[in-house]
Amino acid sequence: MITFPGTAAAVVTRKILRLVGKGATTLPGKAAIRLSPSIIREKSRGKHIITITGTNGKTTTSHMISEMLNYLGYDIINNISGANLASGVATTLICGKDEMMRANGRSKGTIYVLETDEAAYAKIAGDLCPEVSVITNLFRDQLDRYGELTHTRDCIADGLNKTDAIAIVNSDDSLVASLGKGREDKTVFYGMGKKDMLRNNKLYPDRKSILPASPDAVYCPDCHIRYEYVSRSFGHLGDFKCPSCGFSSPISRFEVRYDLKQSPSNEDYPFAISDNLSGLTREMKLKIPGSHNLYNTCAAVSAVTVMLTKLGLSQEEAFEQATEAAGHVKAAFGRMEKIDVGGKKLCILLVKNPAGFDRSLSFVSEAEDAAGLMLLLNSNIADGKDVSWIWDVDLESKAEDLPENIFISGERWGDMLLRIEYAGMNVTESGDMSRAMEILNRALEMTPEGKCLYVMPNYTAMLSLRAALVHEYGLKEFWK
Amino acid sequence: MSDGYKLVIGHFYPDLLNLYGDRGNVLALYRRASLRGIDVSIRSISVADELDPSMIDIAFIGGGQDSEQNIMSDDLVRVKGPLIKDMIEDGKVFLCICGGYQMLGKYYKEHTGDIVECLGALDYYTEARSDRFINDTIYSLVLDDGSEVKVAGFENHSGRTYLGEGVKPFMKVLTGHGNNGEDGFEGAVYKNTFCSYSHGSLLPKNPAITDMLLSRAMKKRYGESFELAPLDSSTEDKARAAALEYIEKGKEKAP
């Protein structure tokens with residue numbers, strides 16, 4: 001029964017938009033919030049909700065949590081297509097049942113898995129009252145739109161303080177690790193195993209660069225002193241400590257045990273996760289490759305373990321089930337999924353900010369099947385108008401490990417062309433967005449059978465590219 | 001030939017002032033010098049690091065987030081300040097972008113009316129406003145040989161900078177807002193110190209500026225007779241032309 005005018009508005013808006021072939025992932029919620037401002041609070045009541053926020057890894061982590069809980073017998077409702085503002089969250093709460101991931105067999109219940117934009121989180125967390133809130137990390141991300149990182153951190157702290165959620169927090173990120181201060185009993189930390197991180201740093205050092213990447217948050221905001229790092233994973237993530245106030249990377253409950261002798265950029269990379277509360281360690285295989293996905297997988301295992309415990313399982317059972325389920329995760333469309341195009345593989349890696357660009361380049365430079373790389377850069381409002389962030393990334397030290405065949409498109413193709421050439425690489429072909437599919441097809445032609453063309457668009461470039469791929473290769477619509 | 005020639009780029013506070021592609025400016029100087037056979041090195045000078053002016057040929061100071069500028073401003077103004085002033089007066093080459101530009105001036109007036117003392121090396125001041133100028137930009141620049149070029153950039157600042165008698169504007173605004181959105185000028189020049197609000201990054205797409213800075217730095221180190229060898233800039237020109245075309249088709253208007 002429809003009890004709110006907002007709900008009715010959302011349902012009708014969605015039906016109309018779907019009839020004309022639109023995804024309708026945000027407009028219905030927008031209409032609903034306008035008519036019933038308290039709609040998120042009303043619709044959240046009595047529901048099991050997990051939120052995921054942070055600048056990088058939100059979508060992948062949400063996807064992993066959804067797949068894992070679904071595998072374990074829960075019906076899942078989520079906003080996986082990235083509609084992560086208040087309007088998208090409201091749409092999912094109201095209309096999400098239409099597209100529920102149903103459990104195999106008898107359902108154990110319904111869980112909402114909601115990716116939430118960092119700024120939106122401050123506004124809606126209190127209304128959503130999630131039971132579990134994952135905070136992945138904070139890297140610079142379209143600062144012209146979102147403002148300073150410390151401000152974003154404070155927004156998340158505000159939101160978190162309005163809930164009773166168990167916060168699942170990355171202990172290696174100094175900005176988010178401090179969110180645990182004052183709510184220790186409601187915070188669960190996860191991160192790389194500190195001993196393993198140090199060992200890997202010593203055995204497999206990064207290539208030297210002529211100029212390090214522009215780092216975020218390497219000073220203690222309270223003491224204005226540079227953090228000392230015992231070890232690092234990437235960016236500003238690592239085992240940090242302020243020599244003045246002593247604030248340091250907290251000891252994690254969930255830790256990744258890993259050895260970089262093999263590369264996490266290849267499928268089924270072997271690693272393990274330990275739960276230091278139950279004392280269990282489980283061997284695992286990385287189902288979505290990339291070193292950053294060690295963090296995302298650990299975050300997802302942490303969130304699922306905590307959620308299952310809340311639903312009545314013992315710590316041991318919960319962790320066993322979470323790690324087992326993590327072995328059944330598959331990549332989502334357009335997020336590292338390998339699409340078969342005439343015997344060749346095409347893999348889209350959405351790149352929105354320097355940290356994501358850095359990780360994706362690192363991934364491709366280590367991927368054994370990489371035969372080509374295509375970069376697409378736009379500068380529409382949703383991308384951030386400023387393209388200068390491409391210079392914040394250390395491409396210089398990765399250049400010699402990247403594929404030789406590089407292709408460039410997007411409205412700001414000229415900027416990307418120069419960026420690549422300044423890193424000492426040659427570009428095979430480049431041109432504006434009107435030539436994107438022509439260049440992509442040329443890149444596919446040059447890709448040998450069985451090998452993969454990696455494509456890195458930013459947000460609006462990805463939307464155009466997906467639409468073109470759907471049209472040209474008959475791929476499924478992405479909101480499904 | 002430039003064999004045997006050396007050049008040192010001093011990168012100020014790279015761990016704090018590193019917004020919006022500031023790093024690209026250092027890369028551009030490095031690339032266009034090393035392609036000419038000059039032995040270039042990049043030296044990082046951050047909080048509490050010693051500054052030896054005799055070791056630096058080109059100084060680069062970028063911009064940071066407010067919280068990061070709070071961490072280093074005292075080190076810049078009070079600790080390294082006197083040496084930086086001497087370097088500027090001595091004719092060392094400086095490129096200062098956005099926050100780095102503002103911090104070399106006389107003061108920064110906050111929204112609250114509070115005055116934040118800056119280095120006072122150059123004759124201008126900045127006032128905060130609530131609305132930000134965030135847009136692509138095109139400027140016109142007159143080079144050392146008298147020719148005029150179009151410069152493509154991007155501005156993102158809420159501060160309005162007003163130049164005094166002691167400095168000259170760096171460029172004229174064709175598209176965008178520039179120093180204050182009122183007088184049509186962008187940036188400031190004093191001796192060999194060049195200041196601008198432009199990100200983009202500024203130098204990669206505008207090799208005429210890169211070469212002007214390199215030429216002045218080399219002349220300062222090796223004497224006025226030093227001539228920078230010619231260098232291909234077809235990729236840079238292609239990238240600038242594409243950016244200018246994109247911007248000129250866009251909505252941004254001159255003030």
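This is a predicted model: local features need pLDDT of at least 70, side-chain atom pairs count only at pLDDT 80 or more; totals for chains, interfaces and linings use all residues.
Local features were required to have pLDDT of at least 70 and side-chain atom pairs pLDDT 80 or more, whereas totals for chains, interfaces and linings use all residues. Residues are numbered from 1 along each chain as its sequence is written, chains are lettered from A and ligands numbered from 1 in the order in which they are written, and side-chain values use heavy atoms, without hydrogens and water.

In chain A, helix H4 (residues 58-71) packs against helix H11 (residues 292-310) at an angle of about 45°, the axes lying 9 Å apart. Helices are DSSP runs of H or I of at least four residues, and strands are E runs of at least two, numbered from the N terminus. Axes are lines fitted to C-alpha atoms, for helices over the stretch in contact, with angles from 0 to 180 degrees between N-to-C directions. To the contact (heavy atoms within 4.5 Å), H4(A) contributes Thr60(A), Thr61(A), Met64(A), Ile65(A), Met68(A) and Leu69(A), while the residues from H11(A) include Asn293(A), Ala300(A) and Leu308(A).

In helix H2 (residues 27-35) of chain A, the buried residues are Pro28(A), Gly29(A) and Ala32(A) (buried, under 20% relative accessible area; exposed, over 50%; partly exposed, in between; 1.4 Å probe, protein chains only). These residues fall within an arc of 95° seen down the axis of H2(A), so they line one face of the helix; the arc is that of the directions from the helix axis to the C-beta atoms.

Lys181(A) is placed in the loop between helix H9 (174-177) and strand S6 (187-192) of chain A. With 46% relative accessibility, Lys181(A) counts as partly exposed. Residues up to four places away in sequence being left out, Lys181(A) touches Asp222(A) and Phe247(A).
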